[in-house]
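Here is a short briefing on one protein chain.

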Amino acid sequence: MTESTILVADDDIALVRILETVLHGDGYDVEPAYDGEDAVRKAHATTYDLVLMDVQMPNKDGLAACRELRATDRYAHTPFIVLTARTRQEDMAEAFAAGYTDYIRKPFALPQVRARVRSWLARGAAQRV
């Protein structure tokens, strides 16, 4: 079994490093991105099994990046989890309309993120069998 690859995109460098360390410790190959354009560029160069992405980022926000990647065959069925401080119903609806499959509000507990990542990757593996 090959390890799953995860793209973590957020302009909060400390948060990306924490997620990178924790998820790598869980056995995942983690690639960081610090803005939406960087995330899209990396996603076109490599195929990720899951994407964790903030909404509010410089150069291209997470909603635009998610919509752009969802429009490709490569990412049509990949789980996208939004990490955001936005908590209004309209924000959630906008994220799901852009193509996110899950919504985690900041601040979050690391066990919650780890459980959601594990769950979405297990679903994806089951669908590929």
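Helices (H or I, at least four residues) and strands (E, at least two) are DSSP runs, numbered from the N terminus. On that basis, the elements of the protein chain run β-α-β-α-β-α-β-α-β-α from the N terminus on. The model is predicted.

**Overall fold**
- The secondary structure comes to five helices and five strands.
- The radius of gyration of the protein chain is 13 Å; a compact globule with 129 residues would have one near 14 Å, so the two agree.
- Along the principal axes, the C-alpha atoms fill a box of roughly 40 × 30 × 25 Å.
- Of the 129 residues, 45% count as buried.
- Take the contacts between residues at least 6 apart in sequence: 60% of these join residues at least 24 apart.

**Nonpolar cores**
- The largest nonpolar core has 23 residues, and Leu7, Met53, Phe80 and Tyr100 touch the most other members.
- At least two residues of this core come from each of strand 1, helix 2 (36-45), strand 3 (50-54), helix 3 (62-70), strand 4 (80-84) and helix 4 (89-98).
- Helix 3 gives the largest share of this core, four residues.
- A second, separate core holds 18 residues, including Val8, Leu19, Ile81 and Val117.
- Beyond residues up to four places away in sequence, the contacts of Leu7 include Glu31, Pro32, Ala33, Ala39 and Lys42. Leu7 also touches Ala43, Tyr48, Leu50, Val51 and Leu52.

**Aromatic rings**
- The structure holds three aromatic pairs.
- Tyr75 and Phe80 form an edge-to-face pair, 6.2 Å centre to centre with 80° between the planes.
- Both partners are buried: Tyr75 has a relative accessible area of 1%, and Phe80 has 0%.
- Phe96 and Tyr103 have ring centres 6.2 Å apart and planes at 45°, so this pair is tilted.
- Here Phe96 is partly exposed, with a relative accessible area of 38%, whereas Tyr103 is buried at 8%.
- One aromatic cluster is formed by Tyr75, Phe80 and Tyr100.
- Arg123 lies over the face of Trp120, at 4.2 Å from the ring centre.

**Asp10**
- Asp10 sits in the loop between strand 1 (5-9) and helix 1 (13-25).
- Its relative accessibility is 1%, so Asp10 counts as buried; the cut-off for buried is under 20%.
- The side chain of Asp10 makes a polar contact with the side chain of Lys106, at 2.7 Å.
- Not counting residues up to four places away in sequence, Asp10 touches Leu15, Val16, Ala33, Tyr34, Asp54, Met57 and Lys106.
- Asp10 and Ala98 are 88 residues apart in sequence; in space they are 17 Å apart, C-alpha to C-alpha.

**Thr5**
- Thr5 has its place in strand 1.
- Thr5 counts as buried because its relative accessibility is 15%.
- A polar atom of the Thr5 side chain lies 3.2 Å from the backbone oxygen of Thr47.
- Leaving aside neighbours within four places in sequence, Thr5 is in contact with Asp29, Thr47, Tyr48, Asp49 and Leu50.

Key: Residues are numbered from 1 along each chain as its sequence is written. This is a predicted model: local features need pLDDT of at least 70, side-chain atom pairs count only at pLDDT 80 or more; totals for chains, interfaces and linings use all residues. Side-chain values use heavy atoms; hydrogens and water are left out. Buried means under 20% relative accessible area, exposed over 50%, partly exposed in between (1.4 Å probe, protein chains only). Contact means heavy atoms within 4.5 Å. A polar contact is a pair of N or O atoms within 3.5 Å; within protein, one must be able to donate a hydrogen and the other to accept it, and residues adjacent in sequence count only if both atoms are side-chain atoms. A nonpolar core is a set of buried Ala, Val, Leu, Ile, Met, Phe, Trp, Tyr and Cys residues joined through side-chain atoms within 4.5 Å. Rings of Phe, Tyr and Trp (its six-membered ring) pair if their centres lie within 6.5 Å; planes under 30 degrees apart count as stacked, over 60 as edge-to-face and the rest as tilted. A charge sits over a ring if NZ of Lys or CZ of Arg is within 6 Å of the ring centre and within 35 degrees of the ring normal. The radius of gyration is taken over C-alpha atoms; the globule rule is 2.2 Å times the number of residues to the power 0.38.
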